[in-house]
Amino acid sequence: MARISLKVNGTQHVHEVEPRMLLVHYLREVLSLTGTHVGCDTSQCGACTVLLDGKAVKACSVLAVQADGSEVKTVEGLAQDGRLHPLQEGFWEEHGLQCGFCTPGMLMAAYGLLQSNPHPDEHAIRAGLEGNLCRCTGYHNIVKAVQHATKTMAEGTSKTAAPARTVGAA
Amino acid sequence: MATQPGNVERLFGKAMKRREDPRFITGRATFTDDIKLPGMTYAVFVRSPLASARIRGIDVAKARAVPGVRAVFTGKDMADGGVKGIPAGWLLPDIKLTDHRPLAVDRVRHVGDAVAVVVAETPYAARDAADLVEVDYEELPAVADAVKALAPGAPQVHENAPGNRCFHWEIGDKAKAEAALKGAAKVVKVSLVNQRLIANAIEPRACAASYSPATDELTLWVTSQNPHVHRLIMGAFVLGIPEHKFRVIAPDVGGGFGSKIFIYPEEVAVSWLTRKLGAPVKWTAERRESFLTDSHGRDHHSQVEMGFDAHGKVAGLRVKTVANLGAYLTLFAPAVPTYLYGTLLNGVYDFPSIFCEVDGVFTHTTPVDAYRGAGRPEACYLLERTMDIAARTLQLDPAELRRRNYIGKDRFPFQTQVALVYDSGNYAPTLERALKMVGYEHFRTSQAEARAKGRYLGLGISTYIEACGIAPSQVVGSLGAQAGLYESGTVRVHPTGKVTVLTGSHSHGQGHETTFAQLVADELSIPIDDVEIVHGDTGRIPFGMGTYGSRSGAVGGTAIHMSLEKLKAKGRRLAAHLLEAAPEDVEFKNGRFSVKGAPDRGKAWAEVTLAAYLAHSMPAGMEPGLEETSFYDPSNFTFPFGTHIAVVEVDIATGRTELLRYVAVDDVGNVINPTIVDGQLHGGIAQGAAQALWEWATYDDNGQLLTGSLMDYGLPRADQLPKFETDRTVTPSPVNPLGVKGAGEAGTIASTPAVANAVLDALSPFGITHLDIPLTPAKVWQAVQDARGKGKG
């Protein structure tokens, strides 16, 4: 077992983990942050994308021990100060999700994209998200969602309060 | 957004933001793999690496010795424990049924067939132990291709199905079609492959089961599109668990596309294991398991003959199809290449005669069943690809050939040559609108100019028909369905006037929590925030059939509508009693029951709902409470339609196709939420376009899946697709009171032929008439080389 210490969404955690444990399994199984999903086993789908020290990474391709001493941000940490992140708002406003399974990874990949290129055109958005698979939307509204977010970020911050509750299925 | 009494905004037709989105965009949704129960154990399945083999023995000793392992079971253990085979849900005359054991007992019949299951305290320990299970296989000859499987001497998949033929099925008038083809001025003959596909919902299949000795109830969480179907089949046929002691929950489900309809071995095994071990058990598929074990789709080889008269009018159609069913019959498998395919071969055209025959064939491959569109895309691709080949043969413009042959708008309801009666339709306007949007005449000029410069542009048209909400139950029963195809909807009004809706439909991306709430808020004139939609839990909802075949709006929505009508009628009677008026004099408008002509003599919605539960003053014979349940069994299917046009450029140096534009004009009847309908179409178009260009599940001759991961299988990515240009016409369905048809599969049905036709149009200077999909760079490049070798292009 190996001892790791890392900050996730602003909270410091210390755990003993198997050296082979993937970061995504650490987040989901140890920290119960189940917003980060696993959609494949060959690092193609991007559903597990998180930010590791500010960079978008596929958490299925990082060992938890490699994240020792790092800062991780997951979808659960996107909304700040009671407001949705502009990307979350964009996905909601532009119907950028259907089943919602790829969405957390898509949001975090888009977050990484906008950090390196705050004003991507449609081509740059499509190229920037080619490592994330969505089977529901055909990407049309995901592109619009990211465009919505870039506009919001240029104007200031998201106007949408983070919902206190969510309507739920069973 | 909220509707206030007296100021009611109609929500039917409004592009509302989805109410379910907040939990998904904040990471707070609950997918099956997110469920963690105290003492949870984890299952991993041991799978056959061979397509066909006899199991000589299984040694589980090393696996059992791994620390943390609770148990290892084989197919024999499960059979000895009373677990039966998984049945097919649709029977055809003289069909050969399969003994589909959750874990293979003595024979494996496809790569990925499960032979043993390991349960351990951690997923990693289970995985380690699964690798130590030693299976002694005697490899047997295998056959993966359905046409080869029909050949004399082919390896046999099941002893009870000689020649690997599961069924032979026919529809239409053979003699009439043959006579028509004989008398036709021109007969276009083409051989088409509709390749095998894999649904690849981004959430892999998963299940978790827990047994409570205190209540003797078993709870199964499962990635299902239809939890009651799971409960019924697993309870009644496979596991023998009484339905009242078996709760199936399909929580948030990450896409289905058909692949999560069926009853899978892992779900059976996990439900059995939790009782056996006295601990909760969870299994989640790895993507490679999705490729090997999720039911696949399509896989048809067809011979087509389409006859035309001297004026370019269709004279007759004859189709002979070989459909690959894979190794076992799963739930809808027999229906997909028959009643969901042959009956759609009339398309949008006025064929005077049609005959279709289908051989369903077993092979040593993963089972094939419904995948988005299920039979209808195969029919549409066949018709629309052949139409384009015919246009070239007859030297007619492909738009003009279609225009000449559409069923006229005054012909509805329209009796087809293949059993169905189309409810309503008006096809030509969708073509004309799409041609205008794409700038058809201008395109042909640009195309000619580009060709002169060595650039190969192509445009492809497809006019499709879709059949949604397959029904009525009596008819589908007579055709072999082992279930009814109605839907349930309960509307429970609480004393304060708030509303809980329990629907038998299941949303796995379709947005029912929004669209169904729009219907309810509209009818009751209450704020949409006062409405909760509950689905996916047999412990909460009435028996329902679930979501597939684009049925939720037309069937599930109508069931809710019927309950709303009953509620309003009861409310009106109660209000009349309270107002001392005759019920026929009371109207319900803007959230208020009032006496006609005396609007101030009235009762607000919440006053009446409270009165219903206080029951202090009720009309004679009226029961207290305000809750209604309806089961809606439609009188017919609904038939959406539309025209899609793709524009592509083929780089003949590399064979690579770029999708430049995509125009879609659809008619799905009345639209409850245009944003959601457009979204469904976008996703469908992407899947269908990907079938035309990239996706292909292909096996080698030994039955090994060559495209068994996302590295090999061409799922479309954001940088491969254009934005979609959509518009619609509205021809309401007369079948249901909402006038809705269905939109879930339309895009997939239309787009494959549109894109394929565009590529073949681009390649027309090379004299290339047809290539089978997917039109990969390698295939296109080779075809261009071959054509050039013959001096073309």
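This briefing covers aromatic ring pairs and charges over rings in the structure above. The model is predicted. A search of the whole structure finds 24 aromatic pairs over all chains. One of them joins F588(B) and W605(B).

**Rings around W605(B)**

- F588(B) and W605(B) form a tilted pair. Their centres are 5.8 Å apart, with 45 degrees between the planes.
- F588(B) lies in strand β22 (residues 586-589) of chain B and W605(B) in helix α17 (residues 605-614) of chain B, so the pair ties together parts 17 residues apart in sequence.
- W605(B) also pairs with F593(B), and this pair is stacked.
- F593(B) sits in strand β23 (residues 592-595) of chain B.

**Buried or exposed?**

- F588(B) and W605(B) are both buried.
- W605(B) has 5% relative accessibility, so W605(B) counts as buried. The cut-off for buried is under 20%.
- F593(B) is at 0% relative accessibility, and therefore counts as buried.

**A ring cluster in chain B**

- Ring pairs link a set of residues into a cluster. Among them are Y349(B), F351(B), Y406(B), F412(B) and F414(B).
- The cluster also includes Y422(B), Y427(B), F637(B), F639(B) and F641(B).

**Charges over rings**

- The charged end of K17(B) sits over the ring of W92(A), 4.0 Å from the ring's centre.
- K779(B) lies over the face of W696(B). The distance to the ring centre is 5.4 Å.

Methods: Residues are numbered from 1 along each chain as its sequence is written. Chains are lettered from A and ligands numbered from 1 in the order in which they are written. This is a predicted model: local features need pLDDT of at least 70, side-chain atom pairs count only at pLDDT 80 or more; totals for chains, interfaces and linings use all residues. Side-chain values use heavy atoms; hydrogens and water are left out. Rings of Phe, Tyr and Trp (its six-membered ring) pair if their centres lie within 6.5 Å; planes under 30 degrees apart count as stacked, over 60 as edge-to-face and the rest as tilted. Helices (H or I, at least four residues) and strands (E, at least two) are DSSP runs, numbered from the N terminus. Buried means under 20% relative accessible area, exposed over 50%, partly exposed in between (1.4 Å probe, protein chains only). A charge sits over a ring if NZ of Lys or CZ of Arg is within 6 Å of the ring centre and within 35 degrees of the ring normal.
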